[in-house]
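Have the sequence and the model handy as you read.

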Amino acid sequence: MDRPVTETRSVCCYCGTGCGVIVQAAGDRIVGVRGDPDHPANFGKLCSKGNTLHLAAVRTGRATVPLLRESRTVLPAPTSWDNALEVAAERFAAIIQEHGPDAVAFYVSGQLLTEDYYVFNKLARALVGTNNIDSNSRLCMSSAVAAYKATLGSDAVPCSYEDIELADLMLIAGSNMAYAHPVVFRRIEAAREKNPDLKLIVVDPRRTDTAAAASLHLAIAPGSDALLYSAMLHVLLWEGLTDNAFIAAHTSGFNALRTRLAELTPGAVAAACGLKPEEIVTAARMFGAAQAPLSFWCQGLNQSIHGTSNGAALIHLHLATGKIGQPGMGPFSLTGQPNAMGGRETGTMANLLPGHRDIANPADRAELAALWGIPALPERPGKTAVELFDALAEGSIKAVWIACTNPAQSLPDLNKVRTALTRAEFVVVQDAWGDTETAAYADLLLPAATWGEKDGTVTNSERRISRVRAAVPPPGEARADWRIARDFALKLAPKVGAGETALFSFASPADVYAEYVKTTAGRDLDIGGLSHDMLDRIGPVQWPVVDGKGTERLYTDPATLRAKFVPIDTGLTAEAPDARHPFRLLTGRLRDQWHGMSRTGRVPRLYSHEPEPRIQVHPSDLHRRGWHEGQLMRVKSRRGEVVLPVAASEEVRPGQAFVAMHWGGRSLAQDGVNALTLPAFDPVSKQPELKHAALRIEPAELPWRMTVLRSPGLAADAHETVLAWREQLAPLLAGFDHAVLTLDGRERPLVALRVATAEPLPAARVEQIARLLDMPEDACLAYRDPARNVIKRARIEDERLTGILLAGEDQASNWLRAALRDGVPIDALRRWLFAPRAEPPVAAAAPRKVICNCLDVSENEIRRAIAAGADLGALQDKLKCGTACGSCVPEIRRMLSGSGMAV
């Protein structure tokens, strides 16, 4: 009997766009998702990641019971919640009593709900007495926070998404929005279709899909952002395009900045920016002539050793022209995580307190202490993300509690991070997933609820607060994050002398929220009258909330603005290329993956657009050095190395190299790109420069190759089965010189393992892998050539290929992957299965890159239709590509533009 399907309104758990979703559930399983047409952040639209949220709601890999490691020489074992929290409280209390409260720390996440954040913050500051609580938002948004506070006096995004339709110029800086915030970019595309005069400037070192859509693309040299905006401001001043009355009435510090700007002419900075002087002048004139300029920025500006200055220099353009606070205009920082904004509001960062208060402000500390009913708050500044793990490595911090984040994949200089986690006396990892890179270091792993199982609130990029609602219960013994933090606090309190405290008498997330909103009363983000019940009645709302109504824009009355022009650091990158490391690393996102792939990495079809990790360089670098497409390269920085195949790309300039941020130790034999990045950070925001590093790239001599592909075919549990196979293979990766472990497929999902080594693997090692994937020799077609160290096997079920192992020679791996994924009948393939043949024997087995993930439309299909004369409309009518989520439309436009067809 089919279980009835229920529907629950909630919010997507990926980027900070804050898209509303309708979650469909049957019993205790999520079975579908669609966009909420009534949610003002997306009006029913979702990207390729949001559209597949239900496919990521799997059980394989979930943490479902507390796991305690008695010592680091043994494997963790299941334990009760009571014992787990008792042990954690005893260990934390002992360290606090011996070394003081600053010997422990909490590292939390922009993916927590506001209620989760608040309880953790209160736990650290009011009970433990430390400011050592920071968030992974430090890695993405802290420079934007610092820039807003420095220039506008408050961490408050003044704009709304609806300004997109009202702007006459948009400037996108340091963001491949088409990939990172696709729903927002679709709104920009729609606005430009309605208004052909709407101009778009994109500032990015790479020629991304976002940049390809621009009226003007400024392909700046890495790290030169602040120089560029300062030179643009110079032009605005020189050509009389500033609003001097606005500057005089509503800002300060302009004259001091103006003196510095005198020498920052377009001619003086053009070479450092990698631009022509006239390009800078053109951009400045476009901005100055606009009646309603709207600027967006993200990690390209923030992840820099002068990220605060980058953001401030961009905000200066709005202040100098008076273009802020009115419809269609203003500086708009895009948030990278679903509730990074909520973490800023609740003050869950080392330098902040709830309600946009500052640790460094005695009055703010006293006010919050009074609200919490405690004598005082700790004064000593807390350790920020990089500092926190440095302190773990050095031993001044002894214990760390990590919640809903994966620092062993996401922090820079991962060799140092691993050292820190190894040296720590006690590591607690609180996560929904038990197989992350960080979970391997846990002395205590606590199973947490995740998206679809949690109840609370989040705040998106435009200050809009939305309700998150549970559609299903969490599996096993997993619990809500706020509850775990509360229960730990109740265990810890008597052990640190707090007795039976009333600080944590929360019975529900609604109780937590009710207390939190009191901390905002009278502040710039005042939501003092808001509650879960009210949000359920009125729907998503933008803070501040006055008389039950939200606020679309800030500073609509210029008299409320007391802005500052601030000194700008116009340095470049922390690490410059040299003779030994001549390439500049650029990092960024893929369209269909998110962060460390702990969620998107469980959805096979999300690999189809970018199946495997690679390093992209300009074709001229490939040709000049005699490298070839797909060749394995050792990619080295001064901190670490990773082996990746090289690919030619016109998106980067000569001397630059791009590696996506997502791949880590669960996909590679090495750590991924953060083995290469450096921990240098902005002195104000403490945000590390994750975007840039100097690289050496050289061929990796790894002649022995193996490819293993395995699919359960059309089995009902096929998805969970391939995840289980991957989970079994992942621990083997570190033993290879090079290995890539990925997923693929739709109706026939598969797991794919590629290996390259300097010497052939022993036959017993190959057999181990075959048996893990249920491919014993007696169940397969088999071929052996011991003299050449070649072993090949093919598993055939229901007249379809369901497994292939090619050890020692794997030329046919790409077309065999396509044949296995697409269920090509075995009769067409049988005689070719073990042939050393790179070309597919039948057209149905031809490898294909998928452009439209929603409808499985390949690049070759689109190119054939374009060659036959199709424009975008015809492509959408005939192939349906770009008619579902639309994330592929920017790439299709680039293909049309490259062909000379009308876009």
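β30 and β31 form a hairpin with five residues between them, and Gly745 in that turn has a positive phi of about 95°. Strands here, like helices, are DSSP runs numbered from the N terminus: strands are E runs of at least two residues, and helices are H or I runs of at least four. This is a predicted model, in which local features need pLDDT of at least 70 and side-chain atom pairs count only at pLDDT 80 or more, while totals for chains, interfaces and linings use all residues. Residues are numbered from 1 along each chain as its sequence is written, and side-chain values use heavy atoms, with hydrogens and water left out.

Strand β30 covers residues 738-744 and β31 covers 750-757, and the two pair in the antiparallel sense over seven bridges; strands count as paired if DSSP finds at least two bridges between them. For a landmark, look for Ala739, whose bridge partner in β31 is Val755.

Which way do the residues of β30 point? His738, Val740, Thr742 and Asp744 point one way, and Ala739, Leu741 and Leu743 the other way. Seven of the seven residues in β30 are buried, meaning under 20% relative accessible area with a 1.4 Å probe, protein chains only.

Now for a sheet. Seven strands make an open one, with mixed pairing, in the order β5-β4-β18-β17-β16-β6-β7. β5 (77-78) and β7 (133-135) stand at the edges with a single partner strand each, so one side of each has no neighbour in the sheet. Further in, β16 (residues 399-403) and β17 (residues 426-431) run parallel, joined by five bridges. Ile402 stands opposite Val429 in β17. Helix α16 (residues 385-394) packs on this sheet, touching β6, β7 and β16, where contact means heavy atoms within 4.5 Å. Helix α2 (residues 114-128) lies across β6 (104-108), β7, β16 and β17.

Finally, a pair of helices. α7 (residues 225-238) and α13 (residues 307-321) pack at an angle of about 15°, with their axes 8 Å apart; the axes are lines fitted to C-alpha atoms over the stretch in contact, and angles run from 0 to 180 degrees between N-to-C directions. The two helices are therefore roughly parallel to each other, a label for angles under 35 degrees. Among the residues that meet are Tyr229, Met232 and Leu236 in α7 and Ala313, Leu314 and Leu317 in α13.

Technical notes: Buried means under 20% relative accessible area, exposed over 50%, partly exposed in between (1.4 Å probe, protein chains only). Angles under 35 degrees count as roughly parallel, over 145 as roughly antiparallel, 65 to 115 as roughly perpendicular and the rest as oblique.
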